[in-house]
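Hi there,

Here is the structure I promised to send over. My notes on it follow below.

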Amino acid sequence: MKPLAAKQELNYLRALFFLFGFGIMSWVPRFPEVKAALHLTNGSFGSLISTGALGSLISLLTVGHVVHKIGVQRVLHVAALFLMSTLIILSNTHSAVVFFFANIFFGAAISAFHISINAQGFNFQDRTGKFVITQLSGLWSAGALITAFFAGFMVNRVPLYIHIPVLVISVFLIKLIIIQKLKPQLITANIDSNIEYRIRDLLKGFSFDRMISFGLICAIFLEFAISDWATIYTKEEIGIYSGLNTLPFVLFTTLMIFGRFTVHYLLPHFSLENLARNASLLAGISFLTSLTLARTIFSGNKTLAFLVICIGFTLAGLGSSFLGPSFMAAANTRSSHPASVVIGHVGVANIVLSFILKWILAWTAQATSLTIGLLIPGFLLLTVPFFAKTLKRV
(Lines give C-alpha, C1' and ligand atoms only; values in the text may rest on other atoms or scores of the structure.)
Protein backbone atom coordinates (compact mmCIF):
# COMPACT_ATOMS: atom_id res chain seq x y z
CA MET A 1 0.00 0.00 0.00
CA LYS A 2 1.08 3.56 -0.68
CA PRO A 3 2.62 5.26 2.40
CA LEU A 4 0.62 8.09 3.92
CA ALA A 5 1.77 11.69 3.92
CA ALA A 6 2.84 12.82 7.39
CA LYS A 7 -0.04 15.29 7.71
CA GLN A 8 -2.59 12.69 6.68
CA GLU A 9 -1.16 10.12 9.09
CA LEU A 10 -1.23 12.64 11.94
CA ASN A 11 -4.87 13.48 11.22
CA TYR A 12 -5.81 9.81 11.41
CA LEU A 13 -3.90 9.48 14.70
CA ARG A 14 -5.71 12.53 16.04
CA ALA A 15 -9.04 10.98 15.14
CA LEU A 16 -8.11 7.69 16.77
CA PHE A 17 -7.07 9.36 20.04
CA PHE A 18 -10.25 11.45 20.02
CA LEU A 19 -12.47 8.41 19.45
CA PHE A 20 -10.63 6.50 22.16
CA GLY A 21 -11.57 9.14 24.76
CA PHE A 22 -15.03 9.63 23.28
CA GLY A 23 -15.84 5.94 23.50
CA ILE A 24 -14.46 4.78 26.83
CA MET A 25 -15.71 7.82 28.76
CA SER A 26 -19.21 7.77 27.25
CA TRP A 27 -20.76 5.92 30.18
CA VAL A 28 -19.06 7.82 33.03
CA PRO A 29 -21.63 10.67 33.22
CA ARG A 30 -24.34 8.00 33.56
CA PHE A 31 -22.73 6.21 36.51
CA PRO A 32 -25.70 7.03 38.78
CA GLU A 33 -27.93 4.92 36.50
CA VAL A 34 -25.36 2.12 36.35
CA LYS A 35 -25.08 2.06 40.16
CA ALA A 36 -28.86 2.07 40.53
CA ALA A 37 -29.23 -0.84 38.09
CA LEU A 38 -26.75 -2.89 40.14
CA HIS A 39 -28.48 -1.98 43.44
CA LEU A 40 -25.16 -1.16 45.10
CA THR A 41 -24.05 1.23 47.80
CA ASN A 42 -21.36 3.84 47.14
CA GLY A 43 -18.75 1.65 48.82
CA SER A 44 -19.66 -1.46 46.84
CA PHE A 45 -19.91 0.40 43.54
CA GLY A 46 -16.58 2.16 44.07
CA SER A 47 -14.89 -1.14 44.90
CA LEU A 48 -16.42 -2.80 41.84
CA ILE A 49 -15.34 0.02 39.51
CA SER A 50 -11.76 -0.21 40.81
CA THR A 51 -11.45 -3.83 39.65
CA GLY A 52 -10.70 -2.52 36.17
CA ALA A 53 -7.18 -1.91 37.51
CA LEU A 54 -6.62 -5.69 37.55
CA GLY A 55 -7.14 -5.86 33.81
CA SER A 56 -4.97 -2.79 33.26
CA LEU A 57 -2.13 -4.39 35.21
CA ILE A 58 -2.32 -7.54 33.11
CA SER A 59 -2.19 -5.48 29.91
CA LEU A 60 0.70 -3.38 31.14
CA LEU A 61 2.77 -6.49 31.78
CA THR A 62 1.96 -8.20 28.47
CA VAL A 63 0.58 -6.03 25.67
CA GLY A 64 3.76 -4.11 24.92
CA HIS A 65 5.49 -7.43 24.30
CA VAL A 66 2.55 -8.60 22.15
CA VAL A 67 2.70 -5.40 20.07
CA HIS A 68 6.38 -6.09 19.48
CA LYS A 69 5.63 -9.65 18.37
CA ILE A 70 2.53 -9.25 16.18
CA GLY A 71 2.33 -5.54 15.37
CA VAL A 72 -0.01 -2.70 16.27
CA GLN A 73 -2.85 -3.37 13.84
CA ARG A 74 -3.96 -6.72 15.27
CA VAL A 75 -3.75 -5.46 18.84
CA LEU A 76 -5.84 -2.40 17.96
CA HIS A 77 -8.48 -4.58 16.31
CA VAL A 78 -8.79 -6.92 19.31
CA ALA A 79 -8.69 -4.09 21.85
CA ALA A 80 -11.34 -2.09 19.96
CA LEU A 81 -13.61 -5.15 19.80
CA PHE A 82 -13.29 -5.75 23.55
CA LEU A 83 -13.86 -2.07 24.33
CA MET A 84 -17.12 -2.16 22.41
CA SER A 85 -18.42 -5.48 23.74
CA THR A 86 -17.50 -4.92 27.39
CA LEU A 87 -19.03 -1.44 27.46
CA ILE A 88 -22.29 -2.82 26.11
CA ILE A 89 -22.28 -5.41 28.89
CA LEU A 90 -21.30 -2.92 31.61
CA SER A 91 -24.08 -0.50 30.66
CA ASN A 92 -26.79 -3.18 30.46
CA THR A 93 -26.11 -5.74 33.18
CA HIS A 94 -27.94 -5.92 36.50
CA SER A 95 -25.52 -8.51 37.89
CA ALA A 96 -22.54 -7.41 39.99
CA VAL A 97 -20.74 -10.68 39.12
CA VAL A 98 -21.09 -10.08 35.37
CA PHE A 99 -20.03 -6.46 35.89
CA PHE A 100 -16.94 -7.61 37.81
CA PHE A 101 -15.59 -9.81 35.01
CA ALA A 102 -16.61 -7.41 32.23
CA ASN A 103 -14.87 -4.53 34.03
CA ILE A 104 -11.61 -6.48 34.25
CA PHE A 105 -11.70 -7.12 30.50
CA PHE A 106 -12.65 -3.47 29.94
CA GLY A 107 -9.62 -2.29 31.93
CA ALA A 108 -7.36 -4.65 30.00
CA ALA A 109 -8.75 -3.43 26.67
CA ILE A 110 -8.25 0.23 27.65
CA SER A 111 -4.59 -0.35 28.49
CA ALA A 112 -4.04 -2.45 25.37
CA PHE A 113 -5.47 0.26 23.10
CA HIS A 114 -3.58 2.94 25.05
CA ILE A 115 -0.23 1.19 24.70
CA SER A 116 -0.78 0.53 21.00
CA ILE A 117 -1.79 4.02 19.91
CA ASN A 118 0.89 5.64 22.06
CA ALA A 119 3.49 3.31 20.55
CA GLN A 120 2.29 4.44 17.12
CA GLY A 121 2.34 8.06 18.25
CA PHE A 122 5.95 7.80 19.42
CA ASN A 123 6.82 6.01 16.19
CA PHE A 124 5.37 8.92 14.18
CA GLN A 125 7.22 11.38 16.39
CA ASP A 126 10.53 9.59 15.89
CA ARG A 127 10.08 9.42 12.11
CA THR A 128 9.01 13.03 11.62
CA GLY A 129 10.73 14.85 14.47
CA LYS A 130 7.41 16.49 15.41
CA PHE A 131 6.50 16.53 19.11
CA VAL A 132 2.87 15.43 19.00
CA ILE A 133 2.25 13.24 22.07
CA THR A 134 0.96 16.07 24.28
CA GLN A 135 -1.38 17.22 21.51
CA LEU A 136 -2.68 13.68 21.01
CA SER A 137 -3.31 13.33 24.76
CA GLY A 138 -5.22 16.60 24.63
CA LEU A 139 -7.41 15.19 21.87
CA TRP A 140 -8.19 12.17 24.07
CA SER A 141 -9.34 14.60 26.76
CA ALA A 142 -11.38 16.51 24.17
CA GLY A 143 -13.15 13.28 23.23
CA ALA A 144 -13.90 12.62 26.89
CA LEU A 145 -15.25 16.16 27.27
CA ILE A 146 -17.54 16.03 24.25
CA THR A 147 -18.94 12.66 25.21
CA ALA A 148 -19.73 14.10 28.66
CA PHE A 149 -21.76 16.88 27.01
CA PHE A 150 -23.50 14.31 24.85
CA ALA A 151 -24.26 11.99 27.77
CA GLY A 152 -25.62 14.87 29.83
CA PHE A 153 -28.04 15.67 27.02
CA MET A 154 -29.08 12.02 26.78
CA VAL A 155 -29.99 11.73 30.47
CA ASN A 156 -33.80 11.50 30.84
CA ARG A 157 -34.12 11.51 27.04
CA VAL A 158 -32.56 8.28 25.78
CA PRO A 159 -32.31 5.12 27.92
CA LEU A 160 -28.83 3.97 28.91
CA TYR A 161 -29.31 0.59 27.23
CA ILE A 162 -29.81 2.38 23.88
CA HIS A 163 -27.37 5.29 24.26
CA ILE A 164 -24.20 3.29 25.01
CA PRO A 165 -24.60 0.35 22.58
CA VAL A 166 -25.45 2.60 19.62
CA LEU A 167 -22.59 4.95 20.42
CA VAL A 168 -19.85 2.34 21.02
CA ILE A 169 -20.83 0.28 17.95
CA SER A 170 -20.60 3.43 15.82
CA VAL A 171 -17.23 4.33 17.35
CA PHE A 172 -15.96 0.77 16.78
CA LEU A 173 -16.85 0.86 13.08
CA ILE A 174 -15.20 4.26 12.57
CA LYS A 175 -12.08 3.01 14.38
CA LEU A 176 -11.85 0.03 12.02
CA ILE A 177 -11.96 2.38 9.03
CA ILE A 178 -9.23 4.63 10.50
CA ILE A 179 -7.03 1.67 11.45
CA GLN A 180 -7.32 0.37 7.89
CA LYS A 181 -6.36 3.83 6.55
CA LEU A 182 -3.33 3.84 8.86
CA LYS A 183 -2.23 0.35 7.88
CA PRO A 184 0.71 1.44 5.65
CA GLN A 185 2.31 3.25 8.61
CA LEU A 186 1.35 1.00 11.52
CA ILE A 187 4.19 -0.66 13.40
CA THR A 188 4.61 -4.22 12.15
CA ALA A 189 5.93 -7.21 14.09
CA ASN A 190 9.44 -6.67 15.47
CA ILE A 191 10.01 -3.51 13.43
CA ASP A 192 10.88 -1.25 16.34
CA SER A 193 12.85 -2.77 19.19
CA ASN A 194 12.67 0.46 21.19
CA ILE A 195 8.90 0.21 21.71
CA GLU A 196 8.40 -2.89 23.83
CA TYR A 197 7.28 -3.71 27.34
CA ARG A 198 8.90 -7.07 27.97
CA ILE A 199 7.84 -8.95 31.08
CA ARG A 200 11.45 -9.74 31.94
CA ASP A 201 12.37 -6.04 31.65
CA LEU A 202 9.58 -5.10 34.05
CA LEU A 203 10.34 -7.79 36.61
CA LYS A 204 14.12 -7.97 36.33
CA GLY A 205 15.63 -4.97 38.02
CA PHE A 206 12.24 -3.48 38.85
CA SER A 207 12.78 -0.06 40.40
CA PHE A 208 10.36 1.86 42.55
CA ASP A 209 11.12 5.59 42.55
CA ARG A 210 9.21 6.60 45.67
CA MET A 211 9.34 10.34 45.04
CA ILE A 212 8.03 9.98 41.48
CA SER A 213 5.43 7.29 42.20
CA PHE A 214 3.94 8.98 45.26
CA GLY A 215 4.12 12.42 43.66
CA LEU A 216 2.39 11.15 40.52
CA ILE A 217 -0.50 9.46 42.32
CA CYS A 218 -1.02 12.49 44.59
CA ALA A 219 -1.13 14.67 41.47
CA ILE A 220 -3.53 12.60 39.35
CA PHE A 221 -5.79 10.83 41.86
CA LEU A 222 -8.22 13.76 41.73
CA GLU A 223 -8.72 13.07 38.01
CA PHE A 224 -9.56 9.44 38.80
CA ALA A 225 -11.93 10.47 41.58
CA ILE A 226 -13.71 13.05 39.40
CA SER A 227 -14.20 10.49 36.63
CA ASP A 228 -15.68 7.92 39.01
CA TRP A 229 -17.70 10.09 41.37
CA ALA A 230 -18.46 13.59 40.00
CA THR A 231 -21.89 12.84 38.54
CA ILE A 232 -22.89 10.68 41.52
CA TYR A 233 -21.74 13.42 43.90
CA THR A 234 -23.75 16.21 42.25
CA LYS A 235 -26.83 14.01 42.12
CA GLU A 236 -26.74 12.51 45.62
CA GLU A 237 -25.00 15.20 47.67
CA ILE A 238 -26.11 18.40 45.89
CA GLY A 239 -29.48 17.21 44.55
CA ILE A 240 -29.03 17.95 40.83
CA TYR A 241 -30.97 15.23 39.03
CA SER A 242 -31.05 16.53 35.46
CA GLY A 243 -28.31 16.30 32.85
CA LEU A 244 -26.74 19.31 34.58
CA ASN A 245 -25.15 16.90 37.06
CA THR A 246 -22.42 16.33 34.44
CA LEU A 247 -21.43 20.03 34.42
CA PRO A 248 -18.72 19.87 37.16
CA PHE A 249 -17.07 16.97 35.32
CA VAL A 250 -17.29 18.88 32.03
CA LEU A 251 -15.77 22.03 33.56
CA PHE A 252 -12.98 20.06 35.23
CA THR A 253 -12.11 18.31 31.95
CA THR A 254 -12.34 21.52 29.89
CA LEU A 255 -9.85 23.36 32.07
CA MET A 256 -7.61 20.30 32.15
CA ILE A 257 -7.47 20.36 28.35
CA PHE A 258 -6.81 24.10 28.37
CA GLY A 259 -3.99 23.71 30.89
CA ARG A 260 -2.29 20.93 28.94
CA PHE A 261 -2.34 22.94 25.72
CA THR A 262 -1.14 26.23 27.24
CA VAL A 263 1.31 25.44 30.08
CA HIS A 264 4.28 25.62 27.69
CA TYR A 265 3.67 29.37 27.35
CA LEU A 266 4.55 29.78 31.05
CA LEU A 267 7.71 27.67 31.07
CA PRO A 268 10.00 30.40 29.67
CA HIS A 269 9.03 32.61 32.61
CA PHE A 270 8.65 30.13 35.49
CA SER A 271 10.38 26.90 36.44
CA LEU A 272 8.30 23.74 36.19
CA GLU A 273 8.99 23.04 39.86
CA ASN A 274 7.48 26.36 40.98
CA LEU A 275 4.57 26.04 38.58
CA ALA A 276 3.77 22.59 39.95
CA ARG A 277 3.94 23.79 43.56
CA ASN A 278 1.59 26.72 42.99
CA ALA A 279 -0.77 24.86 40.66
CA SER A 280 -1.21 21.91 43.04
CA LEU A 281 -2.00 24.28 45.90
CA LEU A 282 -4.51 26.16 43.73
CA ALA A 283 -6.18 22.89 42.72
CA GLY A 284 -6.22 21.37 46.19
CA ILE A 285 -7.41 24.45 48.06
CA SER A 286 -10.09 25.27 45.47
CA PHE A 287 -11.43 21.73 45.48
CA LEU A 288 -11.47 21.35 49.27
CA THR A 289 -13.00 24.81 49.78
CA SER A 290 -15.82 24.15 47.31
CA LEU A 291 -16.69 20.82 48.95
CA THR A 292 -16.67 22.39 52.41
CA LEU A 293 -18.79 25.39 51.44
CA ALA A 294 -21.31 23.25 49.57
CA ARG A 295 -21.67 20.97 52.58
CA THR A 296 -21.93 23.70 55.23
CA ILE A 297 -22.79 27.30 54.35
CA PHE A 298 -24.76 26.56 51.17
CA SER A 299 -26.21 23.18 52.17
CA GLY A 300 -29.74 24.65 52.25
CA ASN A 301 -29.51 26.17 48.75
CA LYS A 302 -28.63 23.61 46.12
CA THR A 303 -28.30 26.24 43.37
CA LEU A 304 -25.56 28.13 45.24
CA ALA A 305 -23.97 24.87 46.36
CA PHE A 306 -23.87 23.68 42.76
CA LEU A 307 -22.36 27.00 41.62
CA VAL A 308 -19.62 26.76 44.24
CA ILE A 309 -18.86 23.18 43.21
CA CYS A 310 -18.62 24.21 39.55
CA ILE A 311 -16.12 26.96 40.40
CA GLY A 312 -14.06 24.65 42.61
CA PHE A 313 -13.94 21.87 40.02
CA THR A 314 -12.97 24.37 37.31
CA LEU A 315 -9.98 25.69 39.25
CA ALA A 316 -9.01 22.17 40.30
CA GLY A 317 -8.97 21.04 36.67
CA LEU A 318 -6.76 23.96 35.66
CA GLY A 319 -4.32 23.52 38.54
CA SER A 320 -3.91 19.77 38.19
CA SER A 321 -3.85 19.66 34.38
CA PHE A 322 -0.12 19.37 33.70
CA LEU A 323 1.04 17.70 36.92
CA GLY A 324 0.74 14.09 35.76
CA PRO A 325 2.67 14.49 32.47
CA SER A 326 5.34 16.47 34.33
CA PHE A 327 5.99 13.65 36.81
CA MET A 328 6.12 11.14 33.94
CA ALA A 329 8.74 13.26 32.21
CA ALA A 330 10.68 13.47 35.48
CA ALA A 331 10.53 9.68 35.84
CA ASN A 332 12.20 9.26 32.45
CA THR A 333 14.86 11.87 33.32
CA ARG A 334 15.73 10.30 36.68
CA SER A 335 15.90 6.68 35.50
CA SER A 336 18.75 4.87 33.77
CA HIS A 337 16.27 2.46 32.14
CA PRO A 338 14.94 2.92 28.59
CA ALA A 339 11.76 4.97 28.34
CA SER A 340 9.58 1.94 27.60
CA VAL A 341 10.73 0.21 30.79
CA VAL A 342 10.24 3.40 32.81
CA ILE A 343 6.61 3.57 31.63
CA GLY A 344 6.15 0.00 32.79
CA HIS A 345 7.73 0.58 36.20
CA VAL A 346 5.76 3.76 36.87
CA GLY A 347 2.58 2.27 35.44
CA VAL A 348 2.64 -0.78 37.70
CA ALA A 349 3.26 1.38 40.78
CA ASN A 350 0.53 3.81 39.75
CA ILE A 351 -2.06 1.08 39.20
CA VAL A 352 -1.37 -0.52 42.58
CA LEU A 353 -1.49 2.80 44.45
CA SER A 354 -4.62 3.99 42.64
CA PHE A 355 -6.36 0.68 43.31
CA ILE A 356 -5.71 1.03 47.05
CA LEU A 357 -6.78 4.67 47.12
CA LYS A 358 -9.97 3.98 45.17
CA TRP A 359 -10.98 1.41 47.77
CA ILE A 360 -10.18 3.82 50.60
CA LEU A 361 -12.24 6.57 48.97
CA ALA A 362 -15.18 4.27 48.24
CA TRP A 363 -15.44 2.86 51.75
CA THR A 364 -14.83 6.24 53.38
CA ALA A 365 -17.77 7.51 51.35
CA GLN A 366 -19.82 4.52 52.45
CA ALA A 367 -18.97 4.91 56.14
CA THR A 368 -19.43 8.70 56.19
CA SER A 369 -20.50 10.55 53.05
CA LEU A 370 -19.25 11.06 49.51
CA THR A 371 -18.24 14.60 50.43
CA ILE A 372 -15.87 13.26 53.10
CA GLY A 373 -14.52 10.64 50.70
CA LEU A 374 -13.74 13.25 48.06
CA LEU A 375 -11.67 15.22 50.54
CA ILE A 376 -8.97 12.55 50.14
CA PRO A 377 -7.81 13.53 46.60
CA GLY A 378 -7.98 17.19 47.63
CA PHE A 379 -5.61 16.64 50.56
CA LEU A 380 -3.32 14.52 48.36
CA LEU A 381 -2.92 17.48 46.00
CA LEU A 382 -1.70 19.60 48.90
CA THR A 383 1.22 17.17 49.36
CA VAL A 384 2.45 17.57 45.76
CA PRO A 385 4.81 20.50 46.63
CA PHE A 386 6.81 18.03 48.76
CA PHE A 387 7.50 15.93 45.64
CA ALA A 388 7.90 18.85 43.22
CA LYS A 389 11.67 18.94 43.67
CA THR A 390 11.83 15.89 41.37
CA LEU A 391 10.82 18.21 38.50
CA LYS A 392 14.00 20.32 38.65
CA ARG A 393 15.72 18.45 35.83
CA VAL A 394 12.73 18.27 33.49
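This is a predicted model: local features need pLDDT of at least 70, side-chain atom pairs count only at pLDDT 80 or more; totals for chains, interfaces and linings use all residues.

**Helix packing and one serine**

S286 lies in helix α12 (residues 272-295); helices are DSSP runs of H or I with at least four residues, numbered from the N terminus. At 13% relative accessibility, S286 counts as buried, because buried means under 20% relative accessible area (1.4 Å probe, protein chains only). Leaving aside residues up to four places away in sequence, S286 touches G312 and L315, where contact means heavy atoms within 4.5 Å.

Residues are numbered from 1 along each chain as its sequence is written, and side-chain values use heavy atoms, without hydrogens and water.

Now for the helix pairs. Helix α10 (residues 210-238) packs against α11 at about 155°, with the axes 9 Å apart; axes are lines fitted to C-alpha atoms over the stretch in contact, and angles run from 0 to 180 degrees between N-to-C directions. That makes α10 roughly antiparallel to α11, the term for angles over 145 degrees. From α10, L222, E223, I226, S227, A230 and T234 meet P248, F249, F252, M256 and R260 of α11.

The axes of α11 (residues 247-262) and α13 (residues 302-320) come within 7 Å and cross at roughly 25°. These two helices are therefore roughly parallel, meaning an angle under 35 degrees.

Best wishes

Conventions
Angles under 35 degrees count as roughly parallel, over 145 as roughly antiparallel, 65 to 115 as roughly perpendicular and the rest as oblique. Buried means under 20% relative accessible area, exposed over 50%, partly exposed in between (1.4 Å probe, protein chains only).
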